Amino acid sequence: YIRVKGLKILKIAIVTDSTAYIPEDLLEKYNIHTVPLSVVFGEESFRESIDITTEEFYRKVKESKKLPSTSQPAIGTYIELFEDLARTHDAVISIHLSKRFSGTYDAAKSAGTMVKDIEVFPYDSALSAMPQGFYAIAAAEMVQEGKNVEEIINQLNIMKNKTRAYFMVDDLSHLQRGGRLNSAQAILGSLLNIKPILHIVDGLIVPFEKIRTRKKAINRIMNMLEEDANTKKIVRVVFIHANNESTAIKLRESFAEKHPEVESIISYFGPVIGTHLGEGSIGVSWYTE
């Protein structure tokens with residue numbers, strides 16, 4: 001991926017972390033590099049998608065008495081990748097999950113100051129899961145179009161105002177125990193069998209709307225997607241599941257039937273994000289031009 005600035009030919013690499021959960025075929029298509037986060041069961045640490053599959057993770061959670069914890073990549077992991085990329089690239093745009101969820105972005109930032117021969121531009125998506133992946137894919141497309149770093153980052157900032165992401169969790173206790181939702185909200189949801197629709201504001205998970213049942217919550221999200229599809233031009237939409245692929249497939253098929261012109265993707269909540277959301281969670285995200 002080459003662009004010319006003055007007389008110098010520059011090559012830009014795109015890096016993200018494993019919590020983007022970008023399907024393998026898209027990682028290859030866009031040449032996106034990933035750095036893994038880990039889940040920790042007792043004394044054992046597993047890098048997601050390397051040491052443990054998503055299916056193995058959800059099985060292990062059911063068998064464990066205690067929820068796992070999660071950990072960010074070591075700075076050395078970034079340094080190693082950035083130094084490797086420096087052999088063939090001049091710059092890296094490193095796109096990560098919200099810095100209010102994890103120290104992953106800060107680790108990338110620190111590592112960027114420790115490598116030579118390559119400029120590192122860390123980017124806080126203020127999101128996670130495949131909505132974060134949207135940024136990495138869009139950045140990779142712009143690299144292919146010959147855009148420079150400044151143009152790419154400006155466009156990612158514009159995307160922040162055009163991206164919508166909503167999700168519904170079956171069990172609020174995961175979010176509460178992981179410190180992502182306060183106890184009062186978790187207790188209220190459990191007592192009333194409320195399935196709140198959640199979204200991310202300023203990098204934090206907050207309730208969007210309280211809905212009584214799972215079915216109604218999913219219908220509400222799909223109605224918002226449909227409204228945008230009818231009034232704006234949606235670039236991409238993703239249906240995300242936590243070990244519940246059949247639901248995501250049905251939602252995608254239902255939407256694609258009405259809007260075949262919109263690129264739609266199936267993704268998943270892997271071990272790290274699955275630790276906080278719990279099995280059965282469903283998310284839908286999209287962005288418009």
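Predicted model: local features only at pLDDT ≥ 70, side-chain atom pairs only at ≥ 80, totals over all residues.
**Entry 1: Thr-16**

I began by locating Thr-16, and I found this residue in strand β2, which spans residues 8–17. I then looked up its accessibility: the relative accessible area of Thr-16 is 0%, and because buried means under 20%, I noted Thr-16 as buried.

Next I asked what the side chain of Thr-16 reaches, and I recorded the backbone oxygen of Ile-95 at 2.7 Å. I also noted that the Thr-16 side chain makes a polar contact with the side chain of Gln-132, at 3.0 Å. Setting aside neighbours within four places in sequence, I listed the residues in contact with Thr-16, which include Ile-95 and Gln-132 together with Ile-22, Ile-32, His-33, Thr-34, Val-35, His-96 and Ala-136.

**Entry 2: helices α9 and α10**

I turned to helix α9, residues 214–231, and helix α10, residues 245–258, whose axes lie 12 Å apart and which pack at an angle of about 30 degrees.

Which residues of the two helices meet? On the α9 side I noted Arg-214, Ile-218, Met-222, Leu-225, Glu-226 and Ala-229, and on the α10 side Thr-247, Leu-251, Phe-255 and Lys-258. Sorting this contact by class, I recorded 6 nonpolar, 1 polar and 3 charged residues.

Note on methods:
Residues numbered from 1 in each chain as written. Heavy atoms only, no water. Helix = DSSP H or I, 4+ residues; strand = E, 2+ residues; numbered from the N terminus. Buried < 20%, exposed > 50% of the residue type's maximum accessible area, 1.4 Å probe, protein only. Polar contact = N/O pair within 3.5 Å; in protein donor to acceptor, adjacent residues only side chain to side chain. Contact = heavy atoms within 4.5 Å. Axes fitted to C-alpha atoms, helices over the stretch in contact; angles between N-to-C directions. Nonpolar A, V, L, I, M, F, W, Y, C, P; charged D, E, K, R; others polar.
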